[in-house]
Amino acid sequence: MPEAIYNTKNILEVSSVDIGDLKKLALKSKSKRYRLCMHHTNDDPTHEMLIVFYKAGFMPPHRHPIGKSESYHVVEGSMTVYFFDNNGNIKSCIDLEESKKKGDKPFLYRLSSNEWHMPVPTSEWLVYHETFTGPFEKNNDVEFPDWAPIEGDEKKINNFMNNCNNYYKNNL
């Protein structure tokens, strides 16, 4: 099952009904996430995606090449973004939540370096708008570290996430 759909319109509108449909697709997907690519192709210079992520899902730590940037804008729910050193040690993390919460947490962040990072939903559902510098070639633009678990290895994922949760409890 594909985990993304691409926009084919010149003017795209996204409603709460569309988000509900994306949530249904996310529940059916192996990764428990689904994305609406608002750009037309991987060759576009700017990539904008609406990503729906169920809390039970896992996105491995990854990084992007120097010269590429990405930003996350939380539309619904909340997340913690973890940052790692080259050995897999957590360096820091930030909490993001939707802006309508009117709290002191940010709802938007931009990463302009090739830091290892990992978004983790902290609400049942996370919906966020991601912007990434295109064009996009998965084999060149996303690097996964050897020290991180891969999707599907539940035992390693659980141990890894327990370490992240312990870091969070002890450092925030």
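Me: Helices (H or I, at least four residues) and strands (E, at least two) are DSSP runs, numbered from the N terminus. Which one gives the most to the lining of the second largest pocket?
Reply: α1, with 4 residues. This is a predicted model, where local features need pLDDT of at least 70 and side-chain atom pairs 80 or more, while totals for chains, interfaces and linings use all residues. Residues are numbered from 1 along each chain as its sequence is written, and side-chain values use heavy atoms, without hydrogens and water.

Me: Which residues line the second largest pocket?
Reply: I5, Y6, N7, T8, K9, L12, E13, D18, D21, L22, L25 and L36. At least two of the lining residues come from β1 (4-6), and at least two from α1 (16-28). A pocket is an open set of points on a 1 Å grid over the protein atoms alone where a 1.4 Å probe fits, with protein on both sides within 12 Å along at least five of seven lines; lining means an atom within 4 Å of a point.

Me: And the largest pocket, how many residues line it?
Reply: 48, with R33, F58, M59, P60 and E151 nearest its centre. Helix α3 supplies the largest share of that lining, 7 residues. Elements that give at least two residues each include β2 (33-37), β3 (46-54), β4 (70-76) and β9 (125-133).

Me: Switching to the sheet. What is the strand order?
Reply: β6-β5-β8, an open sheet of 3 strands with antiparallel pairing. Pairing takes at least two DSSP bridges. β6 (90-97) and β8 (116-121) each have a single partner strand, so one side of each has no neighbour in the sheet.

Me: How many bridges join β5 to β8?
Reply: 6, and β5 covers residues 78-84. Y82 has M118 of β8 as its bridge partner. Both β5 and β8 also each supply at least two residues to the lining of the largest pocket.
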